[in-house]
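Below is a short report on one protein model.

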Amino acid sequence: MQTITLGEIYYNDAIGAYEARVDVQRDQGTYRYPCLFKGPRGLERDQVQMGLVRQALGMSDTFWHKPAPEILTTFVSGPVPQA
């Protein structure tokens, strides 16, 4: 079982990307990943969160074969920055 927690999401105008820390908690411990998701301001919250989580899981040395909705068990996040 794993729990995925997103820190506060920021929009970086200089690079045109959303940034957040993503924590992946597993039986072995908690793994923290600094992630970014490129896209324009005003994207849907779910789209931004999924992009950040996918990057974190891609950075992990543990490969997961489950579809994204099944692995996302917990989100702790503030609002997605808007224009």
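What joins the side chains of Ser60 and Arg26? A polar contact of 3.0 Å does. A polar contact here is a pair of N or O atoms within 3.5 Å; within protein, one must be able to donate a hydrogen and the other to accept it, and residues adjacent in sequence count only if both atoms are side-chain atoms.

This is a predicted model: local features need pLDDT of at least 70, side-chain atom pairs count only at pLDDT 80 or more, and totals for chains, interfaces and linings use all residues. Residues are numbered from 1 along each chain as its sequence is written, and side-chain values use heavy atoms, with hydrogens and water left out.

## Fold

The protein has two helices and four strands. Along the sequence, the pattern reads β-β-β-β-α-α. Helices (H or I, at least four residues) and strands (E, at least two) are DSSP runs, numbered from the N terminus. Buried residues make up 37% of the 83 residues. Buried means under 20% relative accessible area, exposed over 50%, and partly exposed in between (1.4 Å probe, protein chains only). Contacts are heavy atoms within 4.5 Å. Of the contacts with a separation of 6 or more, 49% come from residues 24 or more positions apart.

## Around Ser60 and helix H1

Ser60 sits in the loop between helix H1 (45-59) and helix H2 (68-71). Its relative accessible area is 12%, so Ser60 is buried. Leaving aside neighbours within four places in sequence, Ser60 is in contact with Arg26 and Tyr33.

H1 itself has 15 residues, and at 1.5 Å a residue they should span 21 Å. The end C-alpha atoms are 21 Å apart, which agrees. The expected span is 1.5 Å times one less than the number of residues. Buried positions in H1 include Val48, Met50, Leu52, Val53 and Leu57. Gly51 and Ala56 are also among them.

## Strands

Which residues of strand E1 (residues 3-6) form its covered face, and which its uncovered one? Ile4 and Leu6 form the covered face; Thr3 and Thr5 form the uncovered one. In a regular strand the side chains alternate between the two faces of the sheet.

E1 pairs with strand E3 (residues 17-26) in the antiparallel sense, over four bridges. Two strands count as paired if DSSP finds at least two bridges between them. Leu6 has Val22 as its bridge partner in E3.

Tyr31 belongs to strand E4 (residues 29-38). Tyr31 is partly exposed, because its relative accessible area is 32%. Leaving aside neighbours within four places in sequence, its contacts are Val22, Asp23, Val24 and Arg26. Tyr31 and Ile4 are 27 residues apart in sequence, yet 9.6 Å apart in space, C-alpha to C-alpha.

## Salt bridges

How many salt bridges are there? The count comes to three. The rule asks for a side-chain nitrogen of Lys or Arg within 4 Å of a carboxyl oxygen of Asp or Glu.

| Salt bridge | N to O distance |
|---|---|
| Asp13 and Arg41 | 3.2 Å |
| Asp23 and Arg21 | 3.0 Å |
| Arg32 and Asp23 | 3.2 Å |

Asp13 forms a salt bridge with Arg41. Asp13 lies in the loop between strand E2 (10-12) and E3, and Arg41 in the loop between E4 and H1, so the pair ties together parts that are 28 residues apart in sequence. Asp13 is exposed at 56% relative accessibility. Arg41 is partly exposed at 31%.

Asp23 also meets Arg21 in a salt bridge. Asp23 is buried, at 10% relative accessibility. Arg32 is exposed at 54%. Arg21 is partly exposed, with a relative accessible area of 42%. Salt bridges that share partners join Arg21, Asp23 and Arg32 into one network.

## Aromatic pair

A pair of aromatic rings is described by the distance of the centres and the angle of the planes. The structure holds one such pair. Tyr11 and Tyr18 form it, edge-to-face, at 4.8 Å centre to centre and 70° between the planes. Rings of Phe, Tyr and Trp (its six-membered ring) pair if their centres lie within 6.5 Å; planes under 30 degrees apart count as stacked, over 60 as edge-to-face and the rest as tilted. Tyr11 is buried at 15% relative accessible area. Tyr18 is buried at 0%.
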